[in-house]
Amino acid sequence: MADTLKTLFEALPTEGFFCSLRHVRAHRETLTVRRGVPQPVTLTEDVGVMLSVVAQGGHGYAATSDVSLAGLQRALERALQWAALHARHAAYEVSQYPLMHPVGEYCGPGANQALDWHRGELFARLQQEADACRIDPRIVEWSVTLGRVDEEHRYLTNGGGDTLQRFRYLMPGIVITAFADGETQSRSFGGQYNGYCQQGGLGMLQAAGFWGAGSKVADEALQLLQAPNCPSERMDLLLMPEQMMLQIHESIGHPLELDRILGDERNMAGTSFVTPDMFGHYQYGSSLLNVTYDPSIREEFASYGWDDEGHASEKVWLIKDGILQRPLGSPLSQQRAGLTGVANARASGWHRAPIDRMANLNIEPGTQSLAELVAGIEHGVLMDTNVSWSIDDSRNKFQFGCEWGQLIENGELKGVVKNPNYRGISANFWRSLSAVGDVHTRKVMGTPYCGKGEPNQVIRVGHASPACVFRNIEVFGGAA
């Protein structure tokens, strides 16, 4: 198919203008056992191409699932029609459009291995895990799920560009709900949105602690059922990686997306409190805050060799020693804003145009162990695993709720508390960062469900983070 696709592309009449073809083949499968009962397997196969042109002073694109020469020709004609229309109404100079002709191959971890996906054996293991969740009659709802996506991306240009990328994504999940005396509490493995999703083969499930987690998660749900509400007061806050990933995502990732900063997303997913003049000097966080766009952690969910417009990815610092350095902007947005960004023009599939998206957005580890982080807190609370979130359109004022809370007094972990929440303002919250955990406290996490754009595009992102301590944060519980 690869050689055939290239032959068909080269047969298209593309002389005198830039043309690229992006071919995506995705195979998705999900296995679920709910309340001990195997659910129907979900299977999807999604294949198609998008042709992009820069021609006649405009930029146009068109997608099709008809990967014949006739289908590609029709898509090319439609893309040229859109380019002609764009030339009359363009919001940016087409001469700024970055024309890339990359060559090479990238293979994510596990993607070059034979698929050891034996459905019957996996269902038996999921069933075993589900049975382990039912440790008490108060466990009233439980599900264990495992999703897999195998993808192949081919990018061709009429200037000789030719890249091939292969990926294998795994998405494990456990969600358990306990109920008694009118009280309901839920606990999950990595959050209710597959927070331990990573690239790789089935071996990553053991490394992430998925097999054998069911009884522990169920026990914690029961502990929450009997726990008092989290107190409401200002105190120090120790956030574990399962919550840090959302804190990073909402209050650093989305505010730094350059199309939001430029106003492109204002009427859809919102804008940003960050303005172009802040880069290079703005104190985004304390001097302990170091944030990178990093595709080099290969198992992380959004590691890749090139983005969907052929720009090579590399690790760069977005925030260094607390100072804002770079936005999350593709080369086109970079040229419009006059700022240096990253390779993050990404699309959710072959039928969507690339836009500025987060990829792997990480906090760099510090030097303190988890025991040292706890020992440094006189009066505070540990929170883990997001359960709810709310943040304004400019990604500044927020409040987040967590599944798990545990009080800290005089440097020691104390009792469990339920319904722990905290609130703050992004611009101030990160300046209260007072301690950063070492690499042993770090977890590589992510989500398959980052939504943005019009029409909406749901895309995969990765967030690796250590545990972090924030001073004097407004905390509140379920009684507040």
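Where is Tyr193 found? In this predicted model, Tyr193 sits in the loop between strand S8 (183–188) and strand S9 (198–199). Tyr193 is partly exposed because its relative accessible area, 46%, falls between the 20% and 50% limits. Together with Trp389, Tyr449 and Val458, Tyr193 makes a nonpolar surface patch of about 440 Å².

Turning to the salt bridges, the count comes to 26. One of them joins Glu29 and Arg148, with the closest N and O atoms 3.1 Å apart. This pair ties together distant parts of the chain: Glu29 belongs to strand S1 (residues 18–34) and Arg148 to strand S6 (residues 139–157), 119 residues apart. Glu29 counts as buried because its relative accessible area is 2%, under the 20% cut-off, and Arg148 is likewise buried at 2%. Strand S6 also holds Asp150, which bridges to Arg168 in strand S7 (residues 162–180), and here the closest N and O atoms lie 2.7 Å apart. Both Asp150 and Arg168 are buried.

Another salt bridge, at 2.3 Å from N to O, brings together Glu250 and Arg395. Glu250 is in helix H6, while Arg395 is in the loop between strand S17 (379–391) and strand S18 (397–409), 145 residues away.

Conventions:
Residues numbered from 1 in each chain as written. Predicted model: local features only at pLDDT ≥ 70, side-chain atom pairs only at ≥ 80, totals over all residues. Heavy atoms only, no water. Patch = residues over 30% accessible without salt bridge, like charges linked within 9 Å, V, L, I, M, F, W, Y side chains within 5 Å. Areas by Shrake-Rupley, 256 points an atom, 1.4 Å probe, with all protein chains shown as cover. Salt bridge = Lys/Arg side-chain N within 4 Å of Asp/Glu carboxyl O. Helix = DSSP H or I, 4+ residues; strand = E, 2+ residues; numbered from the N terminus. Buried < 20%, exposed > 50% of the residue type's maximum accessible area, 1.4 Å probe, protein only.
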